[in-house]
Structure formats: structure tokens, C-alpha cells
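Hi,

Here is the structure I said I'd pass on. Have a look at it first, then read my notes below.

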Amino acid sequence: IFNVLFGGLNNAPVAKGADTGPKEHTETSVPAVAELIANAREVLVVPGYGMAMARAQTAMGELASICRSNKINLKFGVHPVAGRMPGQMN
């Protein structure tokens with residue numbers, strides 16, 4: 001819990017740069033994402049509040065098992081701010 005409360009102390013400030021204008025938004029679909037994952041060698045999942053609210057823990061566990069059984073290196077990451085909710089993906 002110490003890290004949850006004080007993990008942001010003594011961090012370097014975010015470097016500010018010039019705004020490069022509007023960002024491009026790309027739509028996708030479930031079959032397209034499934035194909036991307038199937039063809040990947042490595043996948044990084046950063047679970048967040050949306051996955052917790054959707055109760056996607058079981059589905060994510062199944063996806064992790066399938067990826068690992070197919071020799072896809074699947075890792076879980078923690079967002080430095082949003083990932084500080086203890087137990088959100090239990």
C-alpha cells in the first residue's frame with residue numbers, strides 16, 4: 001500500500017513538447033484483433049478499470065493460456081497511475 005500512496009513521489013516531470021496536432025483514430029473489430037494476436041510473438045496487456053467493470057478476468061485468463069500454449073509471449077503491464085487500484089483485477 002505504501003507504493004500506492006507514495007509511488008509518484010520524486011518522479012521526474014513530464015517533458016513537454018510541441019503539440020503535433022490531431023491524432024489518428026483507427027477502428028478495429030474482434031476478428032481483426034484476434035488475427036493480430038494470433039500472428040504476434042509478444043503481447044502486452046495493461047488491464048484497467050474497463051476490464052474490471054466488464055468482469056473480464058476469466059476471459060483474460062483464457063486468452064493468456066491460449067497465447068502461452070501457442071508460444072506467444074504474453075505479459076501483463078501496470079499503468080503507473082491507473083494501475084494503482086488494489087484488487088481491481090482479482
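First, a term you'll need: a residue is buried when its relative accessible area is under 20%, exposed when it is over 50%, and partly exposed in between (1.4 Å probe, protein chains only). Helices (H or I, at least four residues) and strands (E, at least two) are DSSP runs, numbered from the N terminus.

This is a predicted model, where local features need pLDDT of at least 70, side-chain atom pairs count only at pLDDT 80 or more, and totals for chains, interfaces and linings use all residues. Residues are numbered from 1 along each chain as its sequence is written, and side-chain values use heavy atoms, leaving out hydrogens and water.

pLDDT is the predictor's confidence in each residue, from 0 to 100. The protein chain has a mean of 78; confidence is lowest in helix 1 (residues 2-6), with a mean of 56, and highest in strand 1 (residues 42-45), at 92.

Now for helix 4. M60, A64 and C67 are buried there. They sit on the same side of helix 4, because they cover an arc of only 70° around the axis (taken from the directions from the axis to the C-beta atoms). T58 and S69 are exposed, on the face turned away from that buried side.

Those three also belong to the largest nonpolar core, 8 residues that include I37, V43 and L74 too. Such a core is a set of buried Ala, Val, Leu, Ile, Met, Phe, Trp, Tyr and Cys residues joined through side-chain atoms within 4.5 Å. Helix 4 gives the most to this core, with 3 residues.

Cheers
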